[in-house]
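Reader: I am new to this structure and would like to go through it step by step. Could you show it to me, please?

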Amino acid sequence: MAETIARANAAGESGIALLGSTEYYPRFGFVPAASFGVLPPDEAWGGHFQLLPLALWPGGVHGTFRYAEPFERF
């Protein structure tokens, strides 16, 4: 996970969102995405939908997360 975070920062990404364990991912800095105003596409995901804002996080981002169009078909 540390390598993924480092590469995302190096690539200029603003954040990483994921659906995962609320016991595992917080050790890397992930928090419930809703705490930043970013809601999961399925509200049943609750706190399992997490976000790690990176160095270029713009702040003020809010709304419902949407996957890139090719993933929406799944």
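Reader: Which residues do ring pairs link into a cluster?
Author: Tyr24, Tyr25, Phe28 and Phe30 are joined into a cluster by ring pairs. Please keep in mind that this is a predicted model.

Reader: How many aromatic pairs does a search of the whole structure find?
Author: The search gives 7 aromatic pairs. One of them joins tyrosine 25 and phenylalanine 30, whose ring centres are 5.8 Å apart with planes at 80°, so this pair is edge-to-face.

Reader: Is phenylalanine 30 buried or exposed?
Author: Phenylalanine 30 is buried, and its relative accessible area is 2%.

Reader: And what about the rings of phenylalanine 36 and tryptophan 57?
Author: The centres of these two rings lie 5.8 Å apart and the planes meet at 75°, so phenylalanine 36 and tryptophan 57 also make an edge-to-face pair. Phenylalanine 36 belongs to the loop between β2 and β3, while tryptophan 57 belongs to the loop between β4 and β5 (63-64), so the pair ties together parts 21 residues apart in sequence. Phenylalanine 36 is partly exposed at 32% relative accessibility, and tryptophan 57 is partly exposed at 22%.

Reader: Let us turn to the sheet. What is the order of its strands?
Author: The order is β1-β4-β2 in an open sheet of 3 strands, and the pairing is antiparallel. β1 (15-19) and β2 (31-32) are at the edges with a single partner strand each, so one side of each has no neighbour in the sheet.

Reader: What holds strands together in general?
Author: Strands of a sheet pair through backbone hydrogen bonds, in either a parallel or an antiparallel manner.

Reader: Over how many bridges do β1 and β4 pair?
Author: β1 and β4 pair over 5 bridges, in the antiparallel sense. Within this pairing, alanine 17 stands opposite leucine 51 in β4. On the β2 side, strand β4 (residues 49-53) has an antiparallel pairing over 2 bridges, where proline 32 has glutamine 50 as its bridge partner.

Reader: Is β4 mostly covered or mostly open?
Author: β4 is mostly covered, with 4 of its 5 residues buried. Glutamine 50, found in this strand, is buried at a relative accessible area of 1%.

Reader: What lies around glutamine 50?
Author: Leaving aside neighbours within four places in sequence, glutamine 50 is in contact with a list of residues including Ile16, Ala17, Leu18, Tyr25, Phe30 and Val31. Gly20 is also in that list, and the backbone oxygen of glycine 20 is 2.9 Å from a polar atom of the glutamine 50 side chain.

Reader: Changing topic: how many salt bridges does the structure hold?
Author: The structure holds 1 salt bridge. Arginine 7 forms it with glutamate 3, and the closest N and O atoms are 2.7 Å apart.

Reader: Where do arginine 7 and glutamate 3 lie?
Author: Both lie in helix α1 (residues 2-10), 4 residues apart, which is about one turn of the helix. Arginine 7 is exposed, with 58% relative accessible area, whereas glutamate 3 is partly exposed at 48%.

Definitions and conventions. Residues numbered from 1 in each chain as written. Predicted model: local features only at pLDDT ≥ 70, side-chain atom pairs only at ≥ 80, totals over all residues. Heavy atoms only, no water. Pairing = 2+ DSSP bridges. Salt bridge = Lys/Arg side-chain N within 4 Å of Asp/Glu carboxyl O. Buried < 20%, exposed > 50% of the residue type's maximum accessible area, 1.4 Å probe, protein only. Polar contact = N/O pair within 3.5 Å; in protein donor to acceptor, adjacent residues only side chain to side chain. Contact = heavy atoms within 4.5 Å. Phe/Tyr/Trp six-rings, centres within 6.5 Å; stacked < 30°, edge-to-face > 60°.
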